[in-house]
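Have a look at it first, then read on.

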Amino acid sequence: MSDAVVKPAPGQNNWMDTLRRSYGLIQSLAVLALLIIVLSYLSPRFMTWINISNLMAQMSVILIVAAGMTVVMIAGELDISVGAIVALTSTTAAYLMVNYGITAGLVAGILIGPAFGILNGFIVTQFKIPSFIVTLGTSMMARSLAFVVTGGMVIAGVPAEFKIIGQGKLLDVLGFTETGAFEYLNIPLPFLIAILVYALVWILLTRTAFGKKVYAVGANSTVAMLSGIRVARVKIACMMIVGLTASLAGLLLLSRVGASQADSGRGLEFEVIAAVVIGGTSLYGGQGNVLRTIIGVVIIVLIRNFLNLSRIDIFWQDFATGVIIITAVLLDALQKYIASRR
Amino acid sequence: MSGAEAPILQCSGIVKSFGGVRALRGVDFAIRRGGIHGLVGENGAGKSTLTRIIAGIHRQDEGSIRLDGEELRLADANDALARRIVTIHQDINLIPSLSVTDNILLNNELTKGGLLRRKDGRKRVADLLAKYHLDVSPDALVQTLPNDARKMIQIIKAVNRDARILIMDEPTSSLNQTEVRVVLDMIRSLAEQGVGIVFISHYMSEIFQVCDDITVLRDGQNAAHLPRETTTLDVVVGAMLGSEAAAAKATGSHARRQIADEPLFEVAGLSAPGKLRDVGFTLRKGEVLGVTGLTGSGASDLAKAIFGSTDIRRDGGRFRLEGREVRLDNPHQSLSHRIALLTSDRLREGVLPDFSLIDNMTLPILDRFSKGSGFLDEKQRREVTEAGIRRLNVRTSGPNATIRQLSGGNQQKVLMARWLETGPKVLILDEPTIGIDLGAKAEIKAIIRDLTAQGVGVILVTTEIDEIVDMCDRVLILYRGALIREYAGTDINREAVLAASISGS
């Protein structure tokens with residue numbers, strides 16, 4: 001068949017293909033740029049370092065959870081219990097820290113998410129129940145437990161040492177009193193933690209065998225199973241990872257606010273899922289890029305900021321978030337259409 | 001058929017490229033009213049691309065298509081349907097949970113005032129089923145029907161669309177020999193009603209049975225256009241393979257070898273509810289053991305049951321590999337004992353279409369590339385893939401290409417390479433040459449012989465009798481899930497195997 005080999009033409013059409021493949025990225029970057037322009041126009045305060053570093057600190061919680069959610073969604077599942085896990089983690093940790101010290105709170109807090117993740121993953125894989133339903137159930141359980149822990153009250157009085165993590169900034173913590181020209185290096189610690197989480201998840205997804213398995217399981221679990229991949233294990237691990245990020249986010253939230261209540265993190269799951277989809281991860285699994293999730297989160301957070309700055313009635317904000325989610329899914333479909341056109 | 005009649009559809013100078021690979025390089029093709037046009041060629045010759053362009057799925061880069069003499073510009077596949085150009089895909093795409101009636105009338109329902117005319121619809125379908133001698137109830141759920149009935153329903157569904165051009169991509173590949181005849185009869189009667197038919201098949205005997213003329217593609221170009229009545233198999237095969245015809249065609253009969261009586265792999269008491277009943281056999285070192293039977297006889301199920309695929313519920317079954325009892329409860333365990341399975345359903349159980357060749361080929365052996373540090377050794381993955389591409393002669397623009405860009409036969413070669421890379425002691429192949437052209441078939445057969453020479457035991461599940469006669473040292477015949485007969489060596493012949501498969505005795 002040697003005469004049948006068509007030599008690929010190197011370079012030919014390559015840039016067009018690259019352009020098509022990166023269409024989604026270009027699209028989300030364009031939306032981001034547009035938002036930044038509109039926001040700077042609306043408010044002169046927007047582009048100040050104070051506002052930006054505030055935004056960084058604020059978005060850290062959703063950023064971290066979105067990293068875990070990206071993993072789960074690539075594996076073809078969803079976890080809508082993250083909001084409740086954030087609440088249960090932060091209330092439990094607050095209760096333990098106030099009564100038994102920081103270590104007890106940290107250890108117990110960080111274990112709650114992975115424990116729920118194992119439970120979610122076990123039910124999903126062993127009984128073949130959609131993760132949406134399973135996590136809806138565990139979400140209610142976790143939220144209820146959060147209320148049990150707090151008795152419906154706010155738990156305050158978290159040790160000051162612990163609050164440094166959530167409230168500190170890089171240069172302040174390192175002991176610089178005069179930041180001056182290096183103001184821009186004075187990044188909020190939670191944001192740095194979030195970036196570290198993204199680096200780790202990115203490495204996990206793109207540089208390890210586990211990451212490849214996550215993509216394969218999400219794309220076609222039968223093919224993965226027949227290739228000897230233990231699909232249930234991979235899915236349980238993914239549910240654990242998103243639980244871990246939810247707990248980490250819960251601890252950061254507690255540290256930043258300094259107090260906790262059972263009602264925190266309500267609706268967080270949908271904001272996170274919207275951000276992941278805007279970042280180009282498929283709702284059907286098998287494809288996605290965790291770094292692009294960052295763009296999705298920034299877009300969601302900036303839109304919220306925009307709604308605040310433009311003084312739109314607060315009751316309209318969820319309406320706007322809903323519109324954004326649907327728009328994101330439509331853009332996802334458009335993106336696929338363009339990528340598949342030849 | 002009068003050759004003077006103007007064609008309904010005329011393609012001229014069709015050119016089409018995907019990425020860097022030119023799939024079609026100026027192809028001409030015409031379809032006449034009431035004609036059955038055979039379209040043959042090796043994998044990657046451009047058959048699928050050409051028919052997809054006619055069906056509106058792809059658009060040609062250059063060249064023109066004329067329908068009834070008028071320039072045709074199809075917006076998409078629906079546009080083609082609206083012009084009554086209907087494609088019957090190789091894969092059966094019916095909705096299993098719906099009834100026969102609902103499937104056939106899907107998106108084409110009889111309604112009155114927005115409500116379904118259920119009785120009329122059911123009657124229309126009953127008439128169609130009777131017309132084509134298909135003995136199933138219009139109310140039966142498709143998931144309860146055997147494969148061949150599904151294929152017939154798929155064709156009837158297309159016919160009900162009032163097709164004037166019908167493109168059939170390997171319509172018989174999922175059928176066994178008796179069922180093929182029924183489908184071919186149906187195709188002939190459709191042509192008599194004036195439908196123009198494009199018939200793509202690797203089964204030359206079928207091409208010669210039904211086609212009026214035969215167009216041979218090679219390398220994305222017209223290699224020959226031959227009227228059936230005046231041509232021969234040798235001419236067609238020669239045109240398909242080009243200058244190297246002789247070499248590839250010489251697939252001569254498998255010399256009956258003496259296999260040392262050294263048991264490699266033993267299966268005992270293997271059952272699966274509703275699918276397999278107490279199957280047991282021994283595979284020897286270096287042996288090709290054929291497993292065959294009618295569609296639904298359980299041959300494919302046997303392959304999956306041995307491998308421990310979790311979509312088959314096993315009920316008893318013991319395995320011994322090289323004399324030691326082994327557990328094969330899931331594919332992971334089987335692979336760790338170096339037992340591998342190439343499944344027949346490439347689309348659903350084989351490839352990850354949007355993933356690269358590297359990802360597809362190294363999927364079962366990922367852990368091998370992350371020893372020590374935990375990080376994947378991408379260089380090594382690429383090298384292994386490149387070696388696989390060379391070994392199997394895969395036609396691709398490179399290891400980073402997505403497997404979707406390859407033709408079906410080349411995808412199959414990638415999958416073959418995937419399983420070879422696992423270093424199997426026992427290789428189970430389920431219809432490894434389905435939908436594959438003669439050249440690739442010969443290559444795959446050569447690889448199987450290579451493997452057996454190295455002592456690998458091959459279990460070859462196939463419904464192609466020629467393949468059994470050609471390849472197997474022994475053959476097991478399954479009938480309704482039970483092992484009913486075994487032939488060995490020179491006792492393997494077409495008549496005996498076919499008779500046992502059909503009669504069950």
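How many salt bridges does a search of the whole structure find over all chains? Keep in mind that this is a predicted model.

## Salt bridges

The search turns up 35 salt bridges over all chains. Let's zoom in on one inside chain B: B:R32 pairs up with B:D213, and the closest N and O atoms are 3.2 Å apart.

## Where chain A meets chain B

Now for the place where the two chains touch. Chain A brings 33 residues to the contact, and chain B brings 44 residues. The size of an interface is often given as the accessible area lost when the parts come together. Between chain A and chain B, the buried area is about 3200 Å², and carbon and sulfur atoms give 57% of that.

Salt bridges turn up here too: the count between chain A and chain B is 2. In a salt bridge that joins the chains, the side chain of A:K212 meets the side chain of B:D359, at 3.4 Å from N to O.

## A helix pair in chain A

Next, find helix α2 (residues 23-42) and helix α14 (residues 290-309), both of chain A. Their axes come within 10 Å and cross at roughly 25°. Angles under 35 degrees count as roughly parallel, so α2(A) is roughly parallel to α14(A). The crossing of these two helices, α2(A) and α14(A), is left-handed.

Which residues do the touching? On the α2(A) side they include A:L25, A:L29, A:L32 and A:L39, and on the α14(A) side they include A:I295, A:I299, A:L302 and A:F306. By class, the residues of this contact split into 16 nonpolar, 3 polar and 1 charged.

Over in chain B, start with helix α15 (residues 408-421) and helix α16 (residues 438-453), whose axes come within 12 Å and cross at roughly 10°. That makes α15(B) roughly parallel to α16(B). From α15(B), the contact uses B:K413, B:M416 and B:L420, and among its partners in α16(B) are B:I444, B:I447 and B:L451. The contact of α15(B) with α16(B) has 7 nonpolar residues, 2 charged ones and no polar ones.

Helix α14 (residues 378-392) of chain B also packs against α15(B), at an angle of about 120° and with the axes 9 Å apart. These two, α14(B) and α15(B), are therefore oblique to each other, and their crossing is right-handed. B:V384, B:G388, B:R391 and B:L392 in α14(B) meet residues of α15(B), including B:A417 and B:E421. This time the contact of α14(B) with α15(B) divides into 5 nonpolar, 1 polar and 3 charged residues.

Note on methods:
Residues are numbered from 1 along each chain as its sequence is written. Chains are lettered from A and ligands numbered from 1 in the order in which they are written. This is a predicted model: local features need pLDDT of at least 70, side-chain atom pairs count only at pLDDT 80 or more; totals for chains, interfaces and linings use all residues. Side-chain values use heavy atoms; hydrogens and water are left out. Axes are lines fitted to C-alpha atoms, for helices over the stretch in contact, and angles run from 0 to 180 degrees between N-to-C directions. Helices (H or I, at least four residues) and strands (E, at least two) are DSSP runs, numbered from the N terminus. Angles under 35 degrees count as roughly parallel, over 145 as roughly antiparallel, 65 to 115 as roughly perpendicular and the rest as oblique. A crossing is left-handed if the near helix is turned anticlockwise from the far one by less than a right angle, and right-handed if clockwise. Contact means heavy atoms within 4.5 Å. Ala, Val, Leu, Ile, Met, Phe, Trp, Tyr, Cys and Pro count as nonpolar, Asp, Glu, Lys and Arg as charged, and the others, Gly among them, as polar. Buried area is the accessible area (1.4 Å probe) that two parts lose on being put together, summed over both. A salt bridge is a side-chain nitrogen of Lys or Arg within 4 Å of a carboxyl oxygen of Asp or Glu.
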